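Please open the model in a viewer and keep the selection tool at hand.

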Amino acid sequence: MLKVLKWLVIISVVVAGLVYTAFQVSPWPSVLLIRHWFGAETRAISDALLKHVPGDVTAVLDEPYDQPDPDARLDVFRPAGATGPLPAIVWVHGGAFVFGSKSDVTNYLKIVAARGYVTVAVGYAIAPTATYPTPVVQVNKALGYLQANAARLGIDPRQIFLAGDSAGAQIAAQVSLLVTAPDYASRVGIAPLLAAENLRGAILFCGALETRSLNFDGPFGGFLTTVLWAYSGRRDFIDDPRLKDFSIPANMTAAFPPFFISVGNGDPLEPSSRATERRAQELGVAVDALFYPKGHRPRLPHEYQFNLDSDDGQLALTRMLAFLQARRLE
């Protein structure tokens, strides 16, 4: 019996050592755990929106925008019976760069489309399989595709809004920089496929918009380390010079499009959104911000805007729609 116990202890130590080593040499083990933990929550958020989805919305699903790339597909939603071209809201889904799908925002985009817009959910490759700047390149290509196919899809090519939530907000904002700041686009090495005058605005929910305010020693430190390691492709991502291009406030110019920005007061990424709004004000960029005081109750978590059963989620939707309406061309 003692010999068996001895071998069990040895095996346990070896297995523990292998597991520890696996977590140190690759982000994959942690990413798989993140996908498991957050996948069910994301589906529950989407399912809760189903009761709010109107029935008079048409859909074009899995439209390939960059063949043969299997991840380069988009879904297009449009109010049934609408005539003529409509402004398009091109939405980049969240998922901390390592999980998520365009289908996660299907119900929300149907709700918005019913208000008189074409809404587009952009699929993109996620990390660690694809690293930065792959999603930025893909969303840029999606914009080019939508411009080329605007008539068929019922889109007014003069009225494009870039939008996103969480990691998707960062990607949408970075593409907005590419479109409006030629020097930045040249430095990053991505030629924009949308003319700046056709970008009417941006919508940024709960975004990871810069890294300076991230607390890698706090309760979410392990999570943040994993996703940035996976997305950058570097264990020493802090020393990666490309992180300078990642930051939206640090690279924003006065030409950045007008934008709506919001984040919950219980979201660990709140400082990122507030820093972006402050920089916009310094530059004179038009910004409509929906923030909440620290004492607001209930404390609003990451992605609070998708909870349309709450007054705060409804307020975020109302404010976003007001921003869009103010920027529409007649």
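Is Ser176 buried or exposed? The model is a predicted one. Select Ser176 first: because its relative accessible area is 0%, under the 20% limit for burial, this residue is buried.

Next, display the element that holds Ser176, namely helix H6, residues 167-180. Then show what surrounds the residue: leaving aside residues up to four places away in sequence, Ser176 touches Leu162, Leu199, Ala202, Phe256 and Pro257.

Now select strand E6, residues 199-205. This strand is mostly covered, seven of its seven residues being buried.

Select Phe205 and look for its bridge partner in E7, which is Ser262.

**Helices H2 and H8**

Finally, select helix H2, residues 28-48, together with helix H8, residues 221-232. The axes of these two helices come within 10 Å and cross at roughly 115°, and the crossing of H2 past H8 is left-handed. Show the side chains where they meet: Ser30, Val31, Ile34 and Phe38 belong to H2, while Phe223, Thr226, Val227 and Ala230 belong to H8. Coloured by class, this contact of H2 with H8 displays six nonpolar residues, two polar residues and no charged residues.

Definitions and conventions: Residues numbered from 1 in each chain as written. Predicted model: local features only at pLDDT ≥ 70, side-chain atom pairs only at ≥ 80, totals over all residues. Heavy atoms only, no water. Helix = DSSP H or I, 4+ residues; strand = E, 2+ residues; numbered from the N terminus. Buried < 20%, exposed > 50% of the residue type's maximum accessible area, 1.4 Å probe, protein only. Contact = heavy atoms within 4.5 Å. Pairing = 2+ DSSP bridges. Axes fitted to C-alpha atoms, helices over the stretch in contact; angles between N-to-C directions. Left-handed = near helix turned anticlockwise from the far one by under 90°. Nonpolar A, V, L, I, M, F, W, Y, C, P; charged D, E, K, R; others polar.
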